[in-house]
Number of protein chains: 2
Amino acid sequence: MDAALKALAEPRRREIVRLVWSEELPATAIAARFSEVTRSAISQHLGILREAGLVHERKEGTRRLYRSNHHEMARLRAYLDDYWTTGLERLRDVAEAAEAQRESRDGRTDT
Amino acid sequence: MDAALKALAEPRRREIVRLVWSEELPATAIAARFSEVTRSAISQHLGILREAGLVHERKEGTRRLYRSNHHEMARLRAYLDDYWTTGLERLRDVAEAAEAQRESRDGRTDT
DNA sequence: TACTAACGTAAGTGTCAACTGACAGAGAGG
DNA sequence: CCTCTCTGTCAGTTGACACTTACGTTAGTA
């Protein structure tokens with residue numbers, strides 16, 4: 001899960017995931033979209049994405065077709081949603097409520 | 001924006017943001033929560049988070065109080081939400097609709 | 001002034017990541 | 001078999017990053 005987030009922190013890889021989201025594409029076709037880097041670099045990016053479980057790989061003859069792993073992407077999204085809400089907003093509410101209680105009860109506290 | 005995502009790809013920094021989400025804390029207090037690394041490391045993490053605009057810094061005497069920048073966090077969240085929906089799901093819908101049209105029109109296509 | 005607490009920061013190190021260029025294997029077609 | 005295409009991978013370079021140690025700075029205090 002941590003690997004997935006780290007993988008998507010790279011703009012190039014976010015773009016790759018975007019490319020193969022709705023279309024299954026061979027490695028060469030994916031690499032062709034990136035004129036700034038070599039095919040080798042894209043191949044390595046694909047390896048990282050596959051390792052992180054963000055893309056699926058399917059062999060067909062001499063080609064390897066890639067497509068996004070929607071399920072894993074959904075998991076990552078859920079993880080982040082949990083981070084925003086449970087981890088932060090809700091924590092803030094709890095803290096504020098607790099502080100309000102402390103203030104109205106003791107007027108001062110620590111820890 | 002990209003710096004923010006990259007900053008949050010680091011687990012330690014995610015934890016820091018969590019710590020100062022509801023409470024404004026001095027650097028020392030934050031560092032005290034992390035027994036595995038030195039105060040210097042945390043200070044550098046705080047610098048990166050500040051650079052990415054994810055935390056606010058306020059000087060008070062000899063101390064520096066930190067707290068999360070909710071606004072920037074919301075922006076990042078919106079950016080990701082846009083990535084999931086507009087960038088992916090919607091794109092998939094469009095692609096699937098187009099493919100369905102192609103199939104019912106030609107019966108077969110490539111590229 | 002001298003001392004101390006709270007910080008940031010420079011310097012140095014080990015590790016990891018992105019990239020290029022060269023090479024190897026696998027499958028298709030002559 | 002030979003050749004061409006598609007593709008992963010290895011070797012090597014460069015730069016970024018997380019971390020530690022040491023030092024400098026600033027503000028409060030005796």
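## Sheet of chain B

Two strands count as paired if DSSP finds at least two bridges between them. In this predicted model, β1(B) and strand β3 (residues 63-68) of chain B are joined by two bridges and run antiparallel, so they meet that cut-off and count as a pair. One detail of this pairing is the position of B:L25, whose bridge partner in β3(B) is B:Y66.

The pair belongs to an open sheet of three strands in chain B, with the order β1-β3-β2 and antiparallel pairing. Its edges are β1 (25-26) and β2 (55-60) of chain B, each of which pairs on one side only. Strands of a sheet pair through backbone hydrogen bonds, in either a parallel or an antiparallel sense.

B:N69 is buried, with a relative accessible area of 13%, because buried is taken as under 20%. Apart from its neighbours within four places in sequence, B:N69 contacts B:G53, B:L54, B:V55 and B:H56.

## Sheet of chain A

Chain A also has an open sheet of three strands, ordered β1-β3-β2 and paired in the antiparallel sense. Here β1 (25-26) and β2 of chain A are the edge strands; each has a single partner strand, so one side of each has no neighbour in the sheet.

Strand β2 (residues 55-60) of chain A and β3(A) are antiparallel and are joined by six bridges. Among the residues involved, A:E57 stands opposite A:Y66 in β3(A), and A:E60 has A:R63 in β3(A) as its bridge partner. The hairpin of β2(A) and β3(A) has two residues between the strands, and A:G61 takes a positive phi near 65° in this hairpin.

A:S22 is a residue of helix α2 (residues 11-22) of chain A. With a relative accessible area of 24%, A:S22 is partly exposed, because that class lies between the 20% limit for buried and the 50% limit for exposed. The C-alpha atom of A:S22 is 7.5 Å from that of A:R67, although the two residues are 45 places apart along the chain.

The largest nonpolar core holds 52 residues, and A:I30 and B:I30 touch the most other members. Leaving out residues up to four places away in sequence, B:I30 touches B:I16, B:L19, B:V20, B:L25, B:I42, B:L46 and B:Y66. This list includes B:L25 and B:Y66, the bridge partners described above for chain B.

## Surface near DNA strand C

There are 25 residues around DNA strand C, of which A:R12, A:T38, A:H45, B:T28 and B:Y66 come nearest. Sugar or phosphate supplies 63% of the atoms of DNA strand C within 4 Å of the protein, and bases supply the rest. By class, the residues of this surface are six nonpolar, 11 polar and eight charged.

Phosphate oxygens of DNA strand C lie 2.4 Å from a polar side-chain atom of A:R12 and 2.7 Å from a side-chain N or O atom of A:T38. A base oxygen of DNA strand C is 3.1 Å from a polar side-chain atom of A:Q44. Two or more residues of the surface come from each of α2 and α4 of chain A, and from each of α3 (27-32), α4 and β3 of chain B. The largest share, five residues, is that of α4(A).

## Surface near DNA strand D

Around DNA strand D there are 25 residues, and the nearest are A:T28, A:Y66, B:R12, B:T38 and B:H45. Of the atoms of DNA strand D that come within 4 Å of the protein, 62% belong to sugar and phosphate. The surface near DNA strand D consists of six nonpolar, 11 polar and eight charged residues.

Base oxygens of DNA strand D are approached from both chains: a polar side-chain atom of A:R39 lies at 3.0 Å from one, and a polar side-chain atom of B:Q44 lies at 2.9 Å from one. A side-chain N or O atom of B:R13 is 3.0 Å from a phosphate oxygen of DNA strand D. At least two residues of this surface are supplied by each of α3 (27-32), α4 (39-51) and β3 (63-68) of chain A, and by each of α2 (11-22) and α4 (39-51) of chain B. The element that gives the most is α4(B), with five residues.

Methods. Residues are numbered from 1 along each chain as its sequence is written. Chains are lettered from A and ligands numbered from 1 in the order in which they are written. This is a predicted model: local features need pLDDT of at least 70, side-chain atom pairs count only at pLDDT 80 or more; totals for chains, interfaces and linings use all residues. Side-chain values use heavy atoms; hydrogens and water are left out. A residue is near a molecule or strand if one of its heavy atoms lies within 4 Å of it. A polar contact is a pair of N or O atoms within 3.5 Å; within protein, one must be able to donate a hydrogen and the other to accept it, and residues adjacent in sequence count only if both atoms are side-chain atoms. Helices (H or I, at least four residues) and strands (E, at least two) are DSSP runs, numbered from the N terminus. Ala, Val, Leu, Ile, Met, Phe, Trp, Tyr, Cys and Pro count as nonpolar, Asp, Glu, Lys and Arg as charged, and the others, Gly among them, as polar. Buried means under 20% relative accessible area, exposed over 50%, partly exposed in between (1.4 Å probe, protein chains only). A nonpolar core is a set of buried Ala, Val, Leu, Ile, Met, Phe, Trp, Tyr and Cys residues joined through side-chain atoms within 4.5 Å. Contact means heavy atoms within 4.5 Å.
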